[in-house]
Structure formats: structure tokens, C-alpha cells
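User: I would like to learn how to read a structure, feature by feature. Can we go through this one together?

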Amino acid sequence: MSIEKKHFFLKLNPPRASFTIDMSADERNIMLKHVAYWSTYVNDGTVIVLGPVMDPKGGYGIAVVAVESESQLEQLIANDPANGLNSYEVYPMRAVTKQS
């Protein structure tokens with residue numbers, strides 16, 4: 001019996017609109033750790049898509065994730081090295097995927 005995955009759209013809001021072009025060395029280091037952290041979940045299929053959006057009004061990050069529970073998602077976000085520097089918006093979604 002397989003557990004049906006729950007899908008969520010995540011929007012990672014940076015601390016300021018100009019963040020993608022003027023982040024400090026410390027902020028860049030945090031963001032490199034952020035990318036490495038989430039890359040693990042891209043590789044294992046938890047994250048379906050991940051990356052920055054080059055919005056002219058200010059860039060931000062997005063991800064679509066497939067998890068077994070909301071508590072798993074909460075743990076993933078809590079352990080993100082960029083959590084605190086950035087803030088998350090989380091939206092449940094109904095995803096049509098290859099596995100659907």
C-alpha cells in the first residue's frame with residue numbers, strides 16, 4: 001500500500017527586493033548552504049522543482065514538494081539554513097505528476 005503524497009508550492013521571500021543582486025558575503029554563504037540543503041531533496045524526488053524566479057520587481061525562490069505529511073514539510077522548512085534570513089509562504093496544491 002503506497003501513501004499518497006501531498007504537494008505544496010513554496011515561495012521563498014528574500015529579506016529585500018534587491019537581495020539577488022546585492023546580498024552580502026555572509027548572506028551568499030547562507031544561500032549556498034540553502035541550495036546544497038534542498039539539492040538533496042531534489043535528488044531523492046521530494047522536491048519536484050526548485051529555483052530562483054527572476055521577477056523584475058525582486059527575485060524570489062520557489063519549490064514544489066511532494067511529502068507524506070505536513071509535519072514532514074514543516075521539518076524540511078525548519079532545517080533550511082536560509083530559514084530566518086528569508087521567509088516562506090506555503091500553499092497546498094493538487095499536482096499532476098508523472099506518478100499520478
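User: Is Thr 97 buried or partly exposed?
Analyst: Buried means under 20% relative accessible area, exposed means over 50%, and partly exposed lies in between (1.4 Å probe, protein chains only). Thr 97 has a relative accessible area of 19%, so Thr 97 is buried. Two points on the source. This is a predicted model, where local features need pLDDT of at least 70 and side-chain atom pairs count only at pLDDT 80 or more, while totals for chains, interfaces and linings use all residues. Residues are numbered from 1 along each chain as its sequence is written, and side-chain values use heavy atoms, with hydrogens and water left out.

User: Where is Thr 97, and which residues does Thr 97 touch?
Analyst: Helices (H or I, at least four residues) and strands (E, at least two) are DSSP runs, numbered from the N terminus. Thr 97 lies in the segment after strand 4. Contact means heavy atoms within 4.5 Å. Not counting residues up to four places away in sequence, Thr 97 touches His 7 and Ile 48.

User: What about Ile 48: where is this residue, and which residues is Ile 48 in contact with?
Analyst: Ile 48 is in strand 2. Leaving aside neighbours within four places in sequence, Ile 48 is in contact with His 7, Val 64, Ala 66 and Thr 97. The relative accessible area of Ile 48 is 45%, so Ile 48 is partly exposed. Sequence and space are separate matters. Ile 48 and Val 65 are 17 residues apart in sequence, and their C-alpha atoms are 5.7 Å apart in space.

User: How do I read the sheet, and what is the order of its strands?
Analyst: Strands of a sheet pair through backbone hydrogen bonds, either parallel or antiparallel. Here two strands pair if DSSP finds at least two bridges between them. This open sheet has four strands in the order 2-3-1-4, with antiparallel pairing. Strand 2 (47-53) and strand 4 (87-93) stand at the edges with a single partner strand each, so one side of each has no neighbour in the sheet. Angles run from 0 to 180 degrees between N-to-C directions, and axes are lines fitted to C-alpha atoms, for helices over the stretch in contact. Neighbouring strands of this sheet are turned by 15° against each other on average, direction ignored.

User: How many bridges join strand 2 to strand 3?
Analyst: Six bridges join these antiparallel strands. Lys 6 stands opposite Val 67 in strand 3.

User: Which strands does helix 2 touch?
Analyst: Helix 2 (residues 25-43) packs on the sheet and touches strand 1, strand 2, strand 3 and strand 4. The direction of helix 2 makes about 155° with that of strand 2. Helix 3 (residues 70-78) packs on the sheet too, touching strand 1, strand 3 and strand 4. The direction of helix 3 makes about 25° with that of strand 1.

User: Which residues of the largest nonpolar core touch the most other members?
Analyst: In soluble globular proteins, nonpolar side chains tend to be buried together. A nonpolar core is a set of buried Ala, Val, Leu, Ile, Met, Phe, Trp, Tyr and Cys residues joined through side-chain atoms within 4.5 Å. The largest core has 17 residues, of which Leu 10, Trp 38, Val 65 and Leu 73 touch the most other members. Strand 1, helix 2, strand 3 and helix 3 each supply at least two residues of this core.
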